[in-house]
Amino acid sequence: MTAVAGDHRLPPHLRALRERIEGYARGYGLDPFETVFEVLDGDELNMVAAYGGFPTRYPHWRFGMEYERLSRSAEYGLSRIYELVINNDPSYAYLQASNMDVDQKLVMAHVFGHADFFKHNYAYRHTNRKMMDAMANHATRLRRHQDRLGVEAVETFVDRCLSLENLIDPLSPFVKRRADRSEPGAEDRPVALGFRTDREYMRHFINPPAALAAEQERLDAAAGQPRRLPERPERDVLLFLLERAPLERWEQEVLGIVRDEAYYFAPQAQTKIMNEGWATYWHSRIMTERALDPSEVVDYADHHSGALSLQPGQLNPYRLGVELWRDIEDRWNKGRFGKEYEACDSLEELRRWDRRLGLGQQKIFEVRRHHTDVSFVDEFLTLDFCVAQGLFSFGYSPQHARWEVQSREFAAVKERLLRQLTNFGQPEILVEDGNHENRGELLLVHRHDGVDLKLDWARATLRALQALWRRPVSLSTRVEGRGALLRHDGREATTRRQEP
Amino acid sequence: MPLQITRDQARFREIVRGRIQADLDRYIQRGELIGKQAGRLVSIPIPSVELPRFRFGEREQGGVGQGPGAPGDPVGPGDPAGGAGSGEGEHLLEVEVTLDELADILGEGLALPRIRPRAADRIVTARPRYTGVSPSGPESLRHVRRTYKQALRRQIASGTYDPLRPVVVPVREDRRYLTWKELPRPETTAAVVYMMDVSGSMGDQQKELVRLESFWIDTWLRRHYRGLAVRYVVHDAAAREVERDVFFRTRESGGTRISSAYELAAGIVARDFPRAAWNVYAFHFSDGDNEGAEDDRRSLDLLRDRLLPALNLFCYGQVASPSGSGEFLRTLRQGLGPRDDVALSEIAGRDAIRDSIRTFLGTGR
């Protein structure tokens, strides 16, 4: 099956290259998904990229907008897509037809790195590996609704769902958040058990009857209380809406599609630095150690360094990632970790520290399995690394009306970076109450961690949420150090200040 | 291969168009588009096309970078988080729209009739049109793809093609060249003469109105004619022809003799834009304060006898100014009577530009 219409199979010489590169990759211990390569021209590649890698995606104007942006910037020579690979089994990878052969080698090596990462990193374990087909199904279903209800009605609803797309719980595929629902019958009346004890003679002492009785009374009272909805605040706002919002069938289906796709893409956002770093690490090793012809060295170096170049004030995930992977490998090769190393206070000794453990390869394969960006950076970004890489934190200075370097202090930089990676750098927002003020309104809570929301966007998003919930919705957050309740009733947005 | 994306892109353009249409009045009144024109494209800031979501304010959030710089140094030349100009509270997306699209939006928004070019059928030029290929021709017209196709065909036929080493070398007989035919094509060309009163009573505000209105008039006319020649005439007591930039900047202090401008314009039209070959438009903007009855009469005579016969349309826009009497509009109305090829309007302020454009261009001439 090819995903894009037309014949995009690899021409013979690229097929030979592919065999070679895959052989090298497997030789290094990479274990990628079976990968289907397709060769596309620039325009087709822009199209596939605009669809997030899925040529069969559902119709929506924002893909058109993205396509226009990509093709314009390609036209002006500002950017060029070399490659695109999607997490699927088999993985699909798209090559730009106009790449030089050395680029195609580089890109293939890079792609096998990604495909290995997709297959083995734990965050991807629950993603749908037949997403190519799922996306096509989504598109068919959405088109059917569009044919029945009109393009605009469906589109408006999709727009609203997309505004809420980031309100998911990325960890939910791994844990069971709620007990299975079953109506508590009479025999399910909660019984106060007190503390556990094996010693019969101590029972009265550990659980005095009076305390037990008080506990029983409290439990009965709690059982008599009307249940809160949700019982505990929930992060998967989309799921809550699916279950509780008064949606029509087709609306439910569309919301479900948006939610599925959000969960599918989440791990890629969670592992941007690791994933790109991993692919870069492997293409550079495969190319420099195996695949490169002497005549190609200059072009390779040019394009490789282009991918790793720094833009002022931006973090290049390729660069940060590959440097971290190399640093980890080096540290575990030399044994520069652990109690002994950290306790050492002779600079000279530290500099020459080399236990010749040779654990580097083993370690990086282990790390690629068990981490996402947050834990990766938290665990492996060291003071030495921070200094060597020249990392800094920056912020906006209202006095000078410009962005300024704020700090080069390790703790500050690392904290800022971790904050940026936590929850994809998005605010953490939960459903608190589905029957707010006993009026069937919806209350969300923003767990404020020091950074305010962008308020105009928040209001516009509430508008979208209101359209789904059909009753007024509110968001409790903090603005400039004080509590605030943003509310939208479908006609207008209001803001109520609350006590700090 | 028809790309699926073209439909989504068309839908996106449709949305952009709708947004511009909805805000057309604001765009007409504000000059923001004029400065953003580059060739045939205008970059238009559109509010809230992006989908909103809960997110942090960029300025509070900050970020992490890599590279040189001490604390307190500015980060790079650009803006790291993007969108420095658009302050918080607004999210604008710059969308490029062609002038033709903009003209269509204007036309739809104001319900303007299409212009029926007057001299269309009379002016005919021959244009070469490439219609086929032949085995001979000049090297500059060699059709590379057809040439190689031919070579490939020959090699396959003669059994010298090797799919594993797909080298195709055309020989002389394989070469193919484009051939053309001369096709007659009606040509529509138009010229515009803008005239503006720059006497002391016309202030910057008045000129800004003229600038805005002329932008939209140009855009509309360009939509209908291939190639638009534009000439500018300023006048106070005497008239002279100037460049576009000068036109909007000149300020004189003398009196006003409108006849001087009409005379100069009539000369330009007679010399450069003969009626047989051109659709000619003349627009005159003034605060309507002419020197006296004597010159009013002279102006009317010039218009009737020399200008109007050579024009598709003559438009007079009277810009309100605190010191102008606005007498000339009445003079024209009475002196010319109702005619198809004359459009008169009063422009009291920015709000009136829209109606004035409609008066001028609603004639469909």
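Q: Is the crossing of helix 6 of chain A and helix 10 of chain A left-handed or right-handed?
A: The crossing is right-handed. A crossing gets this name if the near helix is turned clockwise from the far one by less than a right angle, and is left-handed if anticlockwise. Before going on: this is a predicted model, where local features need pLDDT of at least 70, side-chain atom pairs count only at pLDDT 80 or more, and totals for chains, interfaces and linings use all residues. Residues are numbered from 1 along each chain as its sequence is written, while chains are lettered from A and ligands numbered from 1 in the order in which they are written.

Q: Why is helix 6 of chain A called oblique to helix 10 of chain A?
A: Helix 6 (residues 151-163) and helix 10 (residues 249-270) of chain A pack at an angle of about 45 degrees, with axes 10 Å apart. Under 35 degrees would be roughly parallel, over 145 roughly antiparallel and 65 to 115 roughly perpendicular, the rest being oblique. Therefore helix 6 of chain A is oblique to helix 10 of chain A.

Q: Which residues of helix 6 of chain A make the contact?
A: They are A:V154, A:F157, A:V158, A:C161 and A:L162. Contact here asks for C-beta atoms, placed from the backbone, within 7 Å.

Q: What makes strand 4 of chain A and strand 3 of chain B a pair?
A: Pairing needs at least two bridges found by DSSP, and these strands have four bridges, in the antiparallel sense. One of the bridge partners is B:G65, for A:F392.

Technical notes:
Helix = DSSP H or I, 4+ residues; strand = E, 2+ residues; numbered from the N terminus. Axes fitted to C-alpha atoms, helices over the stretch in contact; angles between N-to-C directions. Contact = placed C-beta atoms within 7 Å.
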